[in-house]
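User: Could you walk me through this structure, taking the terms slowly?

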Amino acid sequence: MKEIRATTILGVRHKGKVAMAGDGQITFGDISFKQKAVKVREFKHAQNKVLGGFAGAAADALTLFEKFEQKLEQYEGDLKRATVELAKDWRMDRYLRRLEAMMIVADNNQILIVSGTGDVLEPD
C-alpha cells in the first residue's frame with residue numbers, strides 16, 4: 001500500500017476567536033525539501049483579521065493567496081463574498097483552473113474551505 005502524504009491545516013474557532021496552524025513540510029515526490037514552510041498567512045483587512053492556509057503546490061497557493069487578498073479588498077473584508085468570488089474565478093479562468101491547491105480561510109465568525117472545482121464549504 002502506498003503511503004499518502006498530504007498537508008495538514010487546522011483551523012479552530014472558539015468564543016469569537018480563530019486560530020490556524022499547518023505543517024511545514026514541502027515535498028517533491030518522495031523527497032522532503034523543507035520542514036519549516038509557512039502555509040498559514042494573516043490578511044489584515046477592514047475590521048476583520050482573516051487567516052488563510054493552503055495545501056498543494058506552493059506557487060499555486062501563493063497565486064491564490066494574492067487573488068484572495070484582492071477579492072477581500074474588493075469586497076471590503078466580506079469573507080464569504082470574497083471567497084465565493086474567488087471560487088468562481090478559480091473555476092472559470094483558464095489559468096487559475098490549472099492551479100492545484102486548496103485553501104481554508106477564517107475570521108472570527110466563520111471558517112470556509114475553497115477548492116478549484118468551485119466548492120466553498122462551511123464546516124460545522
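Analyst: Let me begin with a term: buried means under 20% relative accessible area, exposed means over 50%, and partly exposed lies in between (1.4 Å probe, protein chains only). By that rule Lys 80 is partly exposed, with a relative accessible area of 36%. This is a predicted model, where local features need pLDDT of at least 70, side-chain atom pairs count only at pLDDT 80 or more, and totals for chains, interfaces and linings use all residues. Residues are numbered from 1 along each chain as its sequence is written, and side-chain values use heavy atoms, with hydrogens and water left out.

User: Ok, and which residue does Lys 80 form a salt bridge with?

Analyst: Its partner is Glu 122, with the closest N and O atoms 3.2 Å apart; a salt bridge is a side-chain nitrogen of Lys or Arg within 4 Å of a carboxyl oxygen of Asp or Glu. Lys 80 lies in helix α2 and Glu 122 in the segment after β9 (120–121), so the pair ties together parts that are 42 residues apart in sequence. Helices (H or I, at least four residues) and strands (E, at least two) are DSSP runs, numbered from the N terminus.

User: How many salt bridges does the structure hold?

Analyst: There are five, and one of them joins Glu 69 to Arg 41 at 2.9 Å, N to O. Glu 69 is in helix α1 (residues 58–74) and Arg 41 in strand β5 (residues 40–45), so this pair ties together parts 28 residues apart in sequence.

User: New topic: is Glu 85 buried or exposed?

Analyst: Glu 85 counts as buried, at 14% relative accessibility, whereas Arg 81, its salt-bridge partner, is partly exposed at 42%.
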